[in-house]
Amino acid sequence: MQILLCSFLGLCCIVGTFAQTVIRGTSEDNVTLPCKHRLGLLGRNLDIEWLSNDSDHGQKVILSYSGGQVYEHEELKGRYSFYLDFLGGDADIFIRSLMPSDAGLYTCKVKNAGQYEWSYITLKVLVKPSEPNCWIEGEKIVGRNVTLHCRSTAGSEPMKYQWQRTKGQEYSGYVPTRHVYTQKLLLQNVSKADNGSYRCTVSNDAGKRICDLHLAVETPSNVAFLAGVTCGSVGGMLILLLICWYLFRKRELKKREEDEFLNEIKEDAEAPKARLMKPGSSSSGSRSSRSGSSSTRSTTNSASRSQRTLSTQETSHGDSRHHCLEQI
């Protein structure tokens with residue numbers, strides 16, 4: 001677009017030329033911003049300024065030419081430079097190692113002999129997807145559902161996710177999904193045929209990244225075997241504990257029975273003590289009654305002991321007779 005100023009005499013001259021361009025660059029790559037002009041042959045008072053819009057401080061001069069000298073911005077020195085013959089009409093600027101902060105609106109202003117030309121360039125810096133993180137969710141057992149996940153945490157939108165799987169030794173074709181921008185691949189009712197390697201490709205206008213996963217589906221029998229081994233081990237421990245408890249309990253009961261038997265023998269072996277009475281001492285009726293009871297118990301115990309003694313003697317005599325008969 002050109003701006004014309006016309007005088008009352010009908011004379012017109014070119015005062016300024018405006019052009020706007022959109023440039024896309026990739027982060028960490030180099031880019032050239034164009035600025036063509038036709039003012040280099042009008043004299044030696046050529047001035048060129050490159051300005052960038054800073055959201056915090058407005059416009060700032062990043063590179064300029066004036067009075068035969070090139071001036072660079074201190075913070076950007078070495079990254080911005082004139083690309084070709086800027087004096088002859090090609091004031092392009094070359095930017096090295098693009099960063100996301102370089103994105104924005106740039107203005108190229110050329111002045112000479114009272115005439116101006118402006119160029120406006122919008123620079124968009126695209127960022128490649130970050131290295132994706134991949135994982136498998138779900139039980140890898142025949143008949144179950146398994147979900148493959150793939151996610152990049154950084155990168156210019158929109159990002160597209162596509163899944164492939166190996167056929168033989170190479171990845172070929174894409175696994176159909178409901179939407180190409182999904183981060184998940186759902187495998188329903190998996191079987192041994194689903195075993196293999198899967199590749200997730202994340203891409204945008206700046207580039208792409210890949211991530212590989214390996215799926216190994218197990219049969220239920222293997223799982224049942226492992227579960228059986230685990231349950232068997234636990235059951236064996238419980239049985240061992242029950243046996244130990246039973247033996248300990250049996251030992252306690254046996255000890256208790258032996259203690260009770262010894263107590264009964266001790267009670268039978270003890271003889272009651274007879275009370276001694278002084279000659280000529282008088283006693284009340286109650287005391288006489290107690291003495292009579294004691295005498296009765298003493299008589300009974302004596303009879304019991306005599307009976308046991310006789311039984312023992314008879315047994316001894318019987319054993320002797322039997323021994324004699326054997327000798328005859």
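Buried means under 20% relative accessible area, exposed means over 50%, and partly exposed lies in between (1.4 Å probe, protein chains only). Strands are DSSP runs (E, at least two residues), numbered from the N terminus.

Ile48 has contacts with His37, Leu63, Ser64, Tyr65, Phe82, Phe86, Ala91, Lys109 and Val110, leaving aside residues up to four places away in sequence. Contact means heavy atoms within 4.5 Å.

## About the model

This is a predicted model, where local features need pLDDT of at least 70 and side-chain atom pairs count only at pLDDT 80 or more, while totals for chains, interfaces and linings use all residues. Residues are numbered from 1 along each chain as its sequence is written, and side-chain values use heavy atoms, with hydrogens and water left out.

Strand 3 pairs with strand 8 over three bridges, in the antiparallel sense. Two strands pair if DSSP finds at least two bridges between them. Val31 stands opposite Ile95 of strand 8.

## Aromatic pairs

The whole structure holds two aromatic pairs. Rings of Phe, Tyr and Trp (its six-membered ring) pair if their centres lie within 6.5 Å; planes under 30 degrees apart count as stacked, over 60 as edge-to-face and the rest as tilted. Tyr83 and Phe94 are stacked, at 5.6 Å centre to centre and 20° between the planes. Tyr83 lies in the loop between strand 7 and strand 8 and Phe94 in strand 8, so the pair ties together parts 11 residues apart in sequence. Tyr83 is partly exposed at 44% relative accessible area, whereas Phe94 is buried at 16%.

Tyr116 and Trp118 have ring centres 5.4 Å apart and planes at 10°, so this pair is stacked. Tyr116 is partly exposed, at 29%.

## Disulfides

How many disulfides does a search of the whole structure find? There are three. A disulfide is a pair of cysteine sulfur atoms within 2.5 Å. In Cys35 and Cys108 the sulfur atoms are 1.9 Å apart. The S-S torsion of this pair is about -70°, so the disulfide is left-handed. Cys35 sits in the loop between strand 3 and strand 4, and Cys108 in strand 9, 73 residues apart.

Cys134 and Cys211 form another disulfide, with sulfur atoms 2.2 Å apart. Both are buried. Cys150 is joined to Cys200, S to S 2.1 Å. The torsion about the S-S bond of Cys150 and Cys200 is about -80°, so this disulfide is also left-handed. Cys150 lies in strand 12 (residues 146-151) and Cys200 in strand 16 (residues 196-204), so the pair ties together parts 50 residues apart in sequence.

Note on methods. Helices (H or I, at least four residues) and strands (E, at least two) are DSSP runs, numbered from the N terminus.
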